[in-house]
Amino acid sequence: MSFFFLRAYYFFSDIKLNFWIRVFLLVSGFFSFPQKIKKTILAQQSGDPEIGLLLTRGHYIFSKVNLDLEIENPWMIDAPSSEVDNCLHGFDWLNDLAALGNNKSQRLVKRWMNLWYDFHGNGNVASWGPEMTALRTINIAKNWVFVEKSLQSNVSFYFKTLKRQQFYLSRIEKKMTSGLAKARVLFALFLLCILYQESKGKTVKILVKFQANIRKSVRRDYGVRSRNPEELAEFFFLLSETLQQIEKLEWKLTNQLENLTLQRDNMIPILRGLRIGNGSLTRAHGGNVGNLEVLDKYLSLSGVNGPSLQSQNMGFERITAGRLTLIVDCGKPPKSLGSLRSHASMLSFELSTGQRPIFVNCGPGGAFGSAYQRYCRSTYAHNSCTLGNLSQMDYKIFSRRGRWTEEILERIPSTVTIDRKKTLEATWLNLSHNSFEDLYGFTHSRKLLLLNSGKIFTGTDSFKLTKNIRNDFETPQYFAAYFHLHPDVELWDHPRLRTIILRLKNGEHWIFETDFGEVRIEDSTYISYAISSPIDTKRIVVLSSELHLEAEIKWSLRRREIFSRNTRDADLVT
């Protein structure tokens, strides 16, 4: 599908979207609205009471971004990103306030929901996008008991709002392409069917569409096209919650819906293979660590036992050795629409020992604005290599529709090689990609080796001229390898920076050493899932010697045996 065809498709999709927003407002006035709906908790609670407490104290924290504002009305906020906008208008904050559950949070919910209805209840393109409306519906539905208690006598206008949202979503889903957004829309319609106690036949029709969308969006042998682990986890949550509700309804899965359980079970080894030692998902291609509490719950409830997928897992390779867990991004980046959130992270890795991360990627920065998003998508934010100051891939503007500019990847590598071997002593990966070859003629090769004892991890990075190129670009003089440290890792550097000691909070010491390179310690950032601002941390940067036809650096990480072999993951008491 060509770039220009995709842009035309997006343009006409926008026209259809705005048309249906106008139509549903006109038609919805002819519907009668129920005054009672089924009171039940419809989905897994996922709120944070600490954030709920901060919200009641006047802080504005949406999508884990702390907005330092002096305003009374949250609907006057000029959001810095689409993530914050979706969280705000998708009522994600409702989960945090419901998790807190005190009188103060109820009063805040009443005020904010009344204000939203005044500003946006009668329709506003900025707050009635399909996915945003679906998220709002889901969050209201699963917190309905708390919402009804908060709104009290004013709850009747939200009956009307939910019915309007149901009408709009039922029409717009027919115009949507398969993917996570459509899955959320169909799941929202399923919850509304339960709330309004619709007929089983109508509910099953929605579930059949939901199942078909999952089949098109998640491949059994690969996962999701975007290669975003958190997106796959979201599909898993929606499927698990759907099956949980079917069980509560005491329905038997008919032939039409029997694949729902199989689809869920097929995702489990993939998800398990994308988790590092502390249970976090590897952070790649726009994904964060995921909601670990919900993930653990649904993995346990599934009753599916078995090993995690270790190789060719959605383009990732996983190696476990002793206490070490290594996950490496070895797949080609997605193309076209699949790359709207993708990162230039070829051959990057994340490493943990026990439940302690050591080397991590910076994470998704889109919630904090376009500058953070661009940086976090670049190779500089990953444990990989750049050619001079060049990121592995570039971005081009795909769409300026609405408030947010969207960019897709270009200069994607045509060749990626993976050779995995294991002996009694070690497991290693021989990897390469040619992202830089078409413009500069160089191919990046990386060899990663872990001793099966889990005490030594070594790597060799090299750039070799594999194609003679004539252009007007200045040829880079070196390449650089980046190693981003988790904020909990304390760094003690040797004066000559050939030996660097990494100290973990549980007392483990790891020694990082290099050959054939100049070493620097630089500031870095870490986007935390739980904290509402980026965290300052450090990164080790190794620069190669002068790059002519070929250059190479070697590095290693070895465990320093100065403590008991019975290491624990708890913090040491000092």
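No disulfides, that is, pairs of cysteine sulfur atoms within 2.5 Å, occur in the structure, the count being zero. Cysteine 330 is buried, with a relative accessible area of 1%, and cysteine 385 is likewise buried, at 0%, where buried means under 20% relative accessible area, exposed over 50% and partly exposed in between, computed with a 1.4 Å probe on protein chains only. The model is predicted, so that local features need pLDDT of at least 70 and side-chain atom pairs count only at pLDDT 80 or more, whereas totals for chains, interfaces and linings use all residues. Residues are numbered from 1 along each chain as its sequence is written, and side-chain values use heavy atoms, with hydrogens and water left out.

Glutamate 508 lies in the loop between strand S18 (499–503) and strand S19 (509–515), strands being DSSP runs (E) of at least two residues, numbered from the N terminus. Glutamate 508 counts as buried because its relative accessibility is 0%. Its side chain makes polar contacts (pairs of N or O atoms within 3.5 Å, one able to donate a hydrogen and the other to accept it, with residues adjacent in sequence counting only if both atoms are side-chain atoms) with the side chains of asparagine 506, at 3.2 Å, and tryptophan 510, at 2.9 Å.

Strand S21 (residues 535–543) pairs in the antiparallel sense with strand S16 (residues 479–484) over five bridges, pairing requiring that DSSP find at least two bridges between two strands; histidine 484 stands opposite arginine 539 in S21. Strand S20 (residues 518–526) is also antiparallel to S21, over nine bridges, and aspartate 523 has lysine 538 in S21 as its bridge partner.

Note on methods: Helix = DSSP H or I, 4+ residues; strand = E, 2+ residues; numbered from the N terminus.
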